[in-house]
Amino acid sequence: MRALVISDIHGNIDALRALDARLGSTLREFDEIICLGDLVDYGPSPGEVIDWVRAHATHVIRGNHDHAVATGESCRSAPAFLEASIATRTRLQSTLSRDQLDYLLGLPLTDAVNRNGAPPLNLVHACPSDPLFGYMPPTRSDDEWKAALGKMAGQAMLIGHTHLAFVRAVSSGMVINPGSLGMPKDDNPHGSYIILDNGAIQFRRIAYDPEPLVGRLRSLDLPAHVFDQLAHTFRTGA
């Protein structure tokens with residue numbers, strides 16, 4: 001199986017277009033295009049991101065920000081970014097159509113890719129024990145990982161949510177996180193994604209110019225400190 005895996009786009013159509021431009025016709029060559037959630041919030045183009053994902057992805061999981069936009073419930077993001085999430089959601093939720101909101105609400109919390117009798121590749125935004133909100137960076141202990149994965153601890157798992165790219169062995173299984181395509185938080189602003197190619201894991205980064213995105217953020221008339229925070233993160237990955 002050859003698969004493209006992306007996550008945490010966060011309304012950043014510029015990073016997604018850069019990826020599209022790099023891969024071009026190669027997109028048609030992937031057996032699966034997997035999106036692990038958080039299409040929306042923070043970035044200024046949620047509707048365009050939703051439309052791209054609907055048109056291209058074969059498997060899409062609901063993230064906590066997708067859930068918040070679709071339901072009005074809290075995204076329960078990290079306190080440092082909670083105000084930014086609420087501010088951008090407040091200004092952009094009305095730009096989404098009923099059909100786009102229903103799409104977000106209809107996304108599954110978990111899924112699996114099954115091909116040619118191989119063991120399943122399990123998909124979740126955060127972790128099986130808490131699909132929307134569980135925060136599992138690679139530094140968590142073995143026991144914490146086993147508890148978070150439950151019966152899937154010995155299987156292959158794709159997760160997002162942390163905005164950090166990593167591979168973590170858990171029991172006899174493996175957890176793979178592609179990082180964030182639209183809003184990395186590892187001090188590198190280049191969009192992060194992975195290609196799975198018949199068992200090989202290829203971590204990739206895509207550069208793009210963040211200034212058009214920052215300009216559209218400025219037009220939202222966000223509180224100055226929220227704009228400054230988001231502009232800094234999109235520009236620096238911090």
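Predicted model: local features only at pLDDT ≥ 70, side-chain atom pairs only at ≥ 80, totals over all residues.
Begin by selecting M1, P119, L121, L196 and G199, which lie nearest the centre of the largest pocket, a space with a volume of about 390 Å³. If you then display the whole lining, you will have 18 residues on screen, and these divide into 12 nonpolar, five polar and one charged.

Move on to the second largest pocket, whose volume is about 270 Å³, by selecting S77, A78, Y135, H161 and K185, the residues that lie nearest its centre. Its lining is made up of 17 residues, and by class there are six nonpolar, seven polar and four charged ones among them.

Most residues other than glycine have a negative phi. Select D8, in the loop between β1 (2–6) and α1 (13–23), where phi is near 50°, a positive value in a residue other than glycine. Is D8 buried or exposed? With a relative accessibility of 0%, D8 falls under the 20% cut-off and therefore counts as buried.

Finish at D187, which you will find in the loop between β8 and β9 (191–197), and which has a positive phi of about 65° although it is not a glycine. The relative accessible area of D187 is 63%, over the 50% cut-off, so this residue is exposed.

Definitions and conventions: Residues numbered from 1 in each chain as written. Heavy atoms only, no water. 1 Å grid on protein atoms, 1.4 Å probe; cavity = no way out; pocket = protein on both sides within 12 Å on 5 of 7 lines; lining within 4 Å. Points joined across faces, edges and corners; volume = space filled by probe spheres on them. Nonpolar A, V, L, I, M, F, W, Y, C, P; charged D, E, K, R; others polar. Helix = DSSP H or I, 4+ residues; strand = E, 2+ residues; numbered from the N terminus. Buried < 20%, exposed > 50% of the residue type's maximum accessible area, 1.4 Å probe, protein only.
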